[in-house]
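Let me put the thing on the screen, and then we'll walk through how the two chains meet.

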Amino acid sequence: MNGPHDYGGLHGYGPVLQEADEPNFHADWEETVFGLTLAMGATGLWNIDASRFARESIPPAQYISSSYYQIWLEGLIKILRKHDLVSAQELAGAPPEVRVKVNRILAARDVEKVLASGGSAKRDADIQLGFAIGDRVRVLNRHPETHTRMPHYVRGHIGVIADIHGAFVFPDTNARGEGEQPGICYGIRFEATELWGEDADPHHAVYLDLWEAYLEPA
Amino acid sequence: MSEDNDHHHDHDHSHLTETELRVRALESILVEKGYVDPEALNRLVDTYEKKVGPQNGAMVVARAWSNPDFLEFLRKDASGAIATLGFTGRQGEDMIVKENTPEIHNMVVCTLCSCYPWPVLGLPPVWYKSAPYRSRAVSDPRGVLDEFDVSLPSETEIRVWDSTAELRYLVLPMRPEGTEGFSEEQLAALVTRNSMIGTGLALSPEDARSQGLLS
């Protein structure tokens, strides 16, 4: 979606501010939101792309003015409500009532194993390659209203295939609950002058990993 | 734990922000419904507070600087090579390492969210997730580097890796001069988090000594 999260190339956000000796979490509630998000994600009731879409589709003014873990919190609540795991009434103080039974609860003893094994989105899929290293490709000028990994600033631009990563879960369909539909993901080099115009630094290139479904020959 | 929560909830909440209240309400609902094991929450947080952080990535870099076979492994199969040091898992399943050279400087961002190689760097700092970095890293990397006090020759090519898919990137900084004969442990002390994102360079032995990182 053309949401507030798609920051690449925007102006006006000011300098990058670093914090010396920055902690992982700036308040206890941030730890809780982090833990709850991972623990509820482990139920397997939704996938990580659906979680990402829930965060991106927060109203733009709210997204931009929220801290990172506030965005996680609102995204989590949105997805929990969608699955009827939490209601607005309960959040307002009504007694909790279990309406949906959850079969997979992340147990404390399994945390280390679950984090250390992760969950690769790479798939063994026998898919014919549409492009080869060195091919020139153009990113499609498409504007899906749902989750996509095609940042706005590369759409319509030409790049060169620099790497072929193999088949990965396609986030666009996965986020919509339409299945993994793995596709080939390519590493693509874009010259800064192609993306940002002829005045851009000639010694600057941006690389993105893009699925074949986002590309056409150029 | 749920009794503890009930206990906390009896206190006056006037000092809590709206966000804190919302998080407390959500946590107690999920725990009471049995959807979340409170001890699991503690362990999730503890993992990144105590075990996983940029010290892991520094060990990877130090080994790559010291051991040509490991560097070759890292180039061919970064996830496999990194796993030999025991660093695996969530948000690092499919890793790629990019080597800085005198001609090429690599820098990593995720313009869409906050993708970051957790097993080697831990959780990302606020600036990495912030609008200023996400907006300008791809369009004005030299300006961003300047804010990190990194100045590179104008002919050095800057390659920005916008990690918006499922690959996670670790930058292999250049080995500083004057480190011949250093042990892996000594080398790791020179490797900062930012040098592995590409918004910094590895420390010189002098700088590391003056910061108390190297004896």
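So, 65 residues of chain B are in contact with 66 residues of chain A, where contact means C-beta atoms, placed from the backbone, within 7 Å. Keep in mind this is a predicted model: local features need pLDDT of at least 70, side-chain atom pairs count only at pLDDT 80 or more, and totals for chains, interfaces and linings use all residues. Residues are numbered from 1 along each chain as its sequence is written, with chains lettered from A and ligands numbered from 1 in the order in which they are written.

On chain B's side, the elements giving at least two residues each include α3 (38–51), α10 (141–147) and β3. Helices are DSSP runs of H or I, at least four residues, and strands are runs of E, at least two, numbered from the N terminus. The top contributor there is α2(B), with ten residues. By type, that side of chain B splits into 29 nonpolar, 15 polar and 21 charged; Ala, Val, Leu, Ile, Met, Phe, Trp, Tyr, Cys and Pro count as nonpolar, Asp, Glu, Lys and Arg as charged, and the others, Gly among them, as polar.

Now, which strands join across the chains? β4 (204–211) of chain A and β3 (157–162) of chain B run parallel, joined by five bridges; pairing takes at least two DSSP bridges. H204(A) is partnered with I158(B), and V206(A) with V160(B).

Zooming out, that gives an open, mixed sheet of seven strands: β5(A)-β1(A)-β2(A)-β3(A)-β4(A)-β3(B)-β2(B). β5 of chain A and β2 of chain B each have a single partner strand, so one side of each has no neighbour in the sheet.

Definitions and conventions
Contact = placed C-beta atoms within 7 Å.
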